[in-house]
Each structure stands twice: as C-alpha cells, then as structure tokens.
Amino acid sequence: MNYLDSFSDSQIFPAGTGDPIVMEAVDICKSFSEGGGNQLEVLKNINLTVKAGEKIAIVGASGSGKSTLLHLLGGLDSPTSGQVFVDEKDLVRMSEKERCRVRNNYLGFVYQFHHLLAEFSAQENVAMPALVRGISPSQALNKAAMLLDKVGMTQRLLHKPSELSGGERQRAAIARAVINEPRCICADEPTGNLDKATAEQVVQVMLRLNKEFGTSLIVVTHDMEFAKKMDTIYAIENGQLKAI
Ligand SMILES: Nc1ncnc2c1ncn2[C@@H]1O[C@H](COP(=O)(O)OP(=O)(O)OP(=O)(O)O)[C@@H](O)[C@H]1O
Ligand SMILES: [Mg+2]
C-alpha cells in the first residue's frame, strides 16, 4: 500500500463535514516572561482556520512571532490563553501523551534546521515517526524508501545526514514529516538556508504533496515568491495576524 492508496478520501474529508477543518486556533495569546517581572506579549488574540488541502504562508519581520505561532499550532508549545483544535480536539487541554499521539498522527513538522539524527541513515530517519507509531520496522523502512523516492532521493537512502547536501537534508526532513500521512504540515522556513535552485526543489516537493495527497500546508517563509504560491498569505504584525 502506498501513501496515495492509504490516504483515503474519508480521512481527508471526514463524513458529515461539508467544509472540513483540519486545524483551528481560537483567540490564542502568547507571552514570555522577560526580566524584572515584565511580560513580552508576542501573539495577541490570533484566530486561524486551516481547511483540508489549504495552503497558508505566514510572513513577518524577524522576531514578530512566526515560529512561536507555528510551535503553538503544532502543539510543541502551549499558548498563554486560547485553544488550538486539531481533529476537533483541543491540543491545549490534552495530556502530554495524547498531544504526542495527535502530533504524531495528524501533523508533520519541518524545522528550519532539519533535526535529522546524525547516527541514522536518511531512510532510518524518515522511518522514525512510523516506528514510534508502532508500524513494523520492515513496513516503516519500505515506506521511507518510497517517500525518499518521491522526493528524488532514491540514490541516497543509506547516506547519513552529514553525507547529504542541505537541500537533500531538507527533502529528507519533508519525507519524515509526511510518513504518518499527516493532514497538515507545519514548516518553519523550509527553504531558509538553501540556494534558489535547491529552494525551488523543496517548494515543488511541498506543492506536490499538497496536490497529490490533499495535505494542508502552513509555511513560515521570508521568500515572497514561495508565499505567493500559497492560497492565503498572513503577516504577523504587532502580535496580530492579517491576511494580505
Ligand atoms: N522561549 C522564549 N522566551 C522568551 N522570549 C522568547 C522565547 N521564544 C521566543 N521569544 C521571543 O519572542 C519573539 C518572537 O520570536 P519568534 O521566534 O517567534 O520570531 P520569528 O518571527 O520566528 O523570527 P525569525 O524570523 O527571526 O525566525 C522574539 O522577540 C523572541 O525573542
Ligand atoms: Mg523563526
């Protein structure tokens, strides 16, 4: 069974929801404590709805809160107040165990720096989230090989991260993010450290995943060319999210 076969329509478009929502942030605020008892209010009452198959770009100045927002949406951090619904459940109120399960099953995360594990091959790195989910090693490795093939890395399965180029590492990180067939990929500047041609390859891989599998994309980027390929561009300014 390949990714496409196993990603049934009923999963992408749950029965009974005419307008399927993959993720919804409701009134989220995030403050960090600064020295001297001060609070730095980074995000103020943010609302965001992500539909199945929707492509969203988030832009904004350095320090405006883009990574903070992505971490909240991906359940990697908790908001000071507000709710983040994934699969109609509030990530904020879940136990850590349940949050890990939802993250592992519904969301894929691509970090600005790939975070591949140095001692494992590309194939093993990609297989890792599937192994964590309890899929057998042989199935997980087969699926990892198939996904690496899809991102143009058939010849690189056994290479360790240090033996891959920057673009290859990022493509492996994307393959890893999708192995559990997430409904949404959150990507933090996935092309930030790449030259133009390599960045374009990474953009094309992400757009193809969106088109072939209906995976929603939330991409933080400084690259307006990339942002313009999304359905909606939001800018964070003064802690608020505005569609531009
Ligand atoms: N754990 C933390 N503790 C305190 N302040 C933080 C923490 N994480 C982020 N900040 C602050 O929150 C603000 C937003 O940070 P964030 O990383 O979200 O910015 P960004 O928009 O992703 O910037 P960049 O484009 O440079 O990656 C910054 O001023 C940052 O210093
Ligand atoms: Mg950032």
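Colleague: How are helix α7 and helix α8 oriented to each other: roughly parallel or roughly antiparallel?

Modeller: In this predicted model, the axes of α7 (residues 166-178) and α8 (residues 196-213) come within 9 Å of each other and cross at roughly 15°. The crossing of α7 and α8 is right-handed. Since angles under 35 degrees count as roughly parallel, the term that applies to α7 and α8 is therefore roughly parallel.

Colleague: Into which classes do the residues of the contact of α7 with α8 divide?

Modeller: On the side of α7 the contact is made by Gly 166, Gly 167, Gln 170, Arg 171, Ile 174 and Val 178, while α8 brings Thr 198, Gln 201, Val 202, Val 205, Met 206 and Leu 209. Sorted by class, the residues of this contact are six nonpolar, five polar and one charged.

Colleague: Which term describes the packing of α5 on α6, oblique or roughly parallel?

Modeller: Helix α5 (residues 122-132) and helix α6 (residues 137-150) have their axes 8 Å apart and pack at an angle of about 125°. That angle makes α5 oblique to α6. The contact includes Val 126, Ala 130 and Leu 131 of α5, with Leu 141, Ala 144 and Leu 148 among the residues from α6, and by class it has twelve nonpolar, one polar and one charged residues. The term for α5 and α6 is thus oblique.

Colleague: Which strands stand at the edges of the sheet of six strands?

Modeller: This open sheet has the order β6-β7-β8-β3-β9-β10, with mixed pairing. A strand at the edge has a single partner strand, so one side of it is left without a neighbour in the sheet, and the strands in that position are β6 (107-110) and β10 (240-243).

Colleague: Which residue of β10 stands opposite Ala 235?

Modeller: Strand β9 (residues 232-237) pairs with β10 in the antiparallel sense, over four bridges. Within this pair, the residue of β10 opposite Ala 235 is Lys 242.

Colleague: In the open sheet of four strands, which are the edge strands?

Modeller: The order here is β2-β1-β4-β5, and the pairing is antiparallel. Nine bridges join β1 (residues 21-33) to β2, with Ile 21 partnered by Lys 51 and Ser 33 by Gln 39. The strands that pair on one side only are β2 and β5 (89-90).

Colleague: Which residue takes a positive phi in the hairpin of β1 and β2?

Modeller: The hairpin has five residues between its strands, and the residue with a positive phi, near 70°, is Gly 36.

Colleague: Which element supplies the largest share of the shell around ligand 1?

Modeller: Among the residues around ligand 1 are Phe 32, Leu 40, Val 42, Lys 66, Ser 67 and Thr 68, and by class the shell has three nonpolar, seven polar and one charged residues. At least two residues of the shell come from each of β2 (39-51) and α3. The largest share, three residues, is supplied by α3.

Key:
Residues numbered from 1 in each chain as written. Chains lettered and ligands numbered in written order. Predicted model: local features only at pLDDT ≥ 70, side-chain atom pairs only at ≥ 80, totals over all residues. Pairing = 2+ DSSP bridges. Axes fitted to C-alpha atoms, helices over the stretch in contact; angles between N-to-C directions. Parallel < 35°, antiparallel > 145°, perpendicular 65-115°, else oblique. Left-handed = near helix turned anticlockwise from the far one by under 90°. Contact = placed C-beta atoms within 7 Å. Nonpolar A, V, L, I, M, F, W, Y, C, P; charged D, E, K, R; others polar. Near = placed C-beta within 6 Å.
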